[in-house]
Each structure stands twice: as C-alpha cells, then as structure tokens.
Amino acid sequence: MSVNALYDYKFEPRDKVENFNGMQLLYVLWPNHLMFCAPFALLVQPDMTFGAMVEEILKPATASHPDSANADFLEAQWLLNDEPFTPDVDASLKDNGIDHKSMLTVTTPGLNGLAGAGF
C-alpha cells in the first residue's frame with residue numbers, strides 16, 4: 001500500500017550507492033523457504049563474480065535452512081528484477097547487470113521448504 005504525504009516531502013536518501021564505499025546492496029529472495037521471512041539484504045562487491053557471490057555469501061546465508069544442503073543455486077532458476085535471468089557465473093555482478101538494490105529471486109525446483117510446506 002502506498003503512502004501519500006500531506007505536504008511536499010523532500011529528503012536525501014541515505015541508501016544511495018555513493019554511501020556504501022564501493023559496495024552495493026543486493027536483495028535475494030528464495031521463494032517457498034519462509035523460514036527467511038523476507039529477501040536477504042546482502043552487501044556485495046560489484047566486481048565479485050556471480051559464482052563467488054553464491055559460494056561465499058548466499059550459501060552461508062541460507063545454511064540454517066534444511067533445504068540448503070540440497071540446493072544447487074548455480075543450476076537454479078533465477079529472476080533479476082522480476083525478469084528471467086541466466087547468470088554467467090564467471091562474470092562479475094556488474095557484468096551480469098546486477099546493480100545497487102537489484103532483486104534476485106532464486107527458485108530451486110523440488111525444494112519447497114520444510115516438509116514441502118513452504119517454510
């Protein structure tokens with residue numbers, strides 16, 4: 001639900017990429033795994049490879065979920081900002097078109113949360 005201000009609301013956003021010292025925010029959602037109630041907000045280097053992001057950041061972030069041991073994130077189905085996306089695992093996040101505050105959605109077929117309940 002959107003909110004409408006009753007006056008001219010002007011502010012300087014504090015989450016601009018310039019404020020992250022060369023890093024950027026990346027949001028990652030793993031549907032049907034609502035043990036994580038919201039997308040992960042990850043701080044990443046734009047020049048790291050997609051494969052490194054999965055191995056060094058995403059896998060440790062999801063490790064507490066029982067499905068994570070069986071998740072093959074590199075062979076999963078991906079969306080980038082709600083559009084179908086096939087990542088190049090050897091290319092940087094930047095070269096994959098992933099920029100500050102991009103949203104990745106990763107679907108792992110056959111893994112539907114605890115007891116298939118989406119949790």
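In what order do the strands of the open sheet stand, and how many strands form the sheet? I looked this up in a predicted model.

I counted 5 strands in an open sheet, and I noted their order as 2-1-5-3-4, with mixed pairing. Strand 2 and strand 4 each have a single partner strand, so they stand at the edges and one side of each lacks a neighbour in the sheet. From one strand to the next I noted an average twist of 35°.

**Entry 2, the pairs.** I went through pairs of strands next. Strand 1 and strand 5 are parallel and share 4 bridges. Strand 3 and strand 5 also share 4 bridges, but this pair is antiparallel. Strand 3 and strand 4 run antiparallel and are joined by 3 bridges.

Which residue of strand 5 is the bridge partner of Leu29? I found Thr105. I then looked up Leu79, and its bridge partner in strand 5 is Thr105 as well. For Trp78, I found Phe85 of strand 4 standing opposite.

Which residues of helix 1 are buried? For this helix, residues 50–62, I listed Phe50, Gly51, Ala52, Met53, Val54, Leu58 and Thr62. The cover over these buried residues includes strand 1 (24–29), strand 2 (40–44), strand 3 (77–80), strand 4 (83–85) and strand 5 (102–107).

Definitions and conventions. Residues numbered from 1 in each chain as written. Predicted model: local features only at pLDDT ≥ 70, side-chain atom pairs only at ≥ 80, totals over all residues. Heavy atoms only, no water. Buried < 20%, exposed > 50% of the residue type's maximum accessible area, 1.4 Å probe, protein only. Contact = heavy atoms within 4.5 Å. Pairing = 2+ DSSP bridges. Axes fitted to C-alpha atoms, helices over the stretch in contact; angles between N-to-C directions.
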